[in-house]
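The following account leads the reader through selected sites of one protein chain. Please keep the sequence and the coordinates at hand while reading.

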Amino acid sequence: MKRIAVCIVGALVVSISALTQAQGGGRGAAPAPPPPLEPGASQADVDKALLAAPAQLKDQATVIKWKADQTYDTLRKGTNKLVCYDRSGFPGQQPFSIECTMLGNLNRAAQNLKFEAMGDKKQAMLDAAEKDGTRVKPEFGSVWYHLMGPDQARARTHMTIAVPGATTQSMGLPDNGRGGGVWIMNAGTTTAHLMTPGE
């Protein structure tokens with residue numbers, strides 16, 4: 001069953017490789033230039049949001065800026081499926097907090113921000129949404145990249161792979177990290193994700 005996890009990670013590597021080649025970043029080809037910024041967008045905002053992005057996806061990623069009502073403005077429309085944004089200082093976030101994920105996860109990210117803004121009510125609202133089926137599911141196998149900390153100098157990276165609904169029975173992976181290998185955190189929920197040692 002551990003082969004399933006290896007297959008997921010392998011598929012992600014192949015997907016990233018295919019994306020890079022499709023964008024003109026294959027061997028021997030010059031990488032495509034980054035897309036232009038949207039009118040009124042700040043290069044500094046874009047550069048900061050891209051700090052959590054993998055190097056091979058950074059230049060073609062979409063960059064957004066969240067608003068207080070959990071909607072967003074697009075600062076740069078990319079050509080791959082990665083989207084990055086700054087969450088620094090938002091409710092429930094560290095003073096320095098950058099996140100990148102797949103474009104298909106933006107509704108999930110918006111819902112996360114909404115619940116985090118509820119302060120002490122956050123966990124009750126998350127539990128209720130999970131129970132009544134209104135919790136937005138992330139894309140299965142999608143990656144969430146984070147760079148967070150008290151400030152940029154002391155920020156650390158963290159990466160997870162979303163596997164909503166996954167359990168030990170469905171994937172053959174443990175639901176805790178005591179074994180020292182890849183494991184499923186929050187197994188059986190929409191928040192289930194793969195954790196790797198050291199993350």
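Gly165 touches Ser170, Gly188, Thr189, Thr190 and Ala192, when residues up to four places away in sequence are not counted; contact here means heavy atoms within 4.5 Å. This glycine lies in the loop between β6 (156–162) and α6 (168–171). Helices (H or I, at least four residues) and strands (E, at least two) are DSSP runs, numbered from the N terminus. Gly165 and Gly188 are 23 residues apart along the chain, yet their C-alpha atoms are separated by 4.4 Å. With a relative accessible area of 41%, Gly165 is partly exposed; buried means under 20% relative accessible area, exposed over 50%, and partly exposed in between (1.4 Å probe, protein chains only).

The model is a predicted one, in which local features need pLDDT of at least 70 and side-chain atom pairs count only at pLDDT 80 or more, while totals for chains, interfaces and linings use all residues. Residues are numbered from 1 along each chain as its sequence is written, and side-chain values use heavy atoms, with hydrogens and water left out.

Attention now turns to the disulfide. A disulfide is a covalent bond between the sulfur atoms of two cysteines. Here the term is applied to a pair of cysteine sulfur atoms within 2.5 Å, and by this rule the count comes to one disulfide. The bond joins Cys84 and Cys100, whose sulfur atoms are 2.1 Å apart. Because Cys84 lies in strand β3 (residues 82–86) and Cys100 in strand β4 (residues 96–102), the pair ties together parts that are 16 residues apart in sequence. The torsion about the S-S bond of Cys84 and Cys100 is about 110°, so the disulfide is right-handed. Cys84 counts as buried, at 0% relative accessibility, and Cys100 counts as buried at 0% relative accessibility.

Thr62 is found in strand β1 (residues 62–66) and is buried, with a relative accessible area of 7%. From C-alpha to C-alpha, Thr62 and Asn80 are 7.5 Å apart in space, and 18 residues apart in sequence.

The loop between β3 and β4 contains Gln93, which counts as buried at 16% relative accessibility. The side chain of Gln93 makes a polar contact with the side chain of Arg87 (2.9 Å) and another with the side chain of Ser97 (3.1 Å). A polar contact is a pair of N or O atoms within 3.5 Å; within protein, one must be able to donate a hydrogen and the other to accept it, and residues adjacent in sequence count only if both atoms are side-chain atoms.
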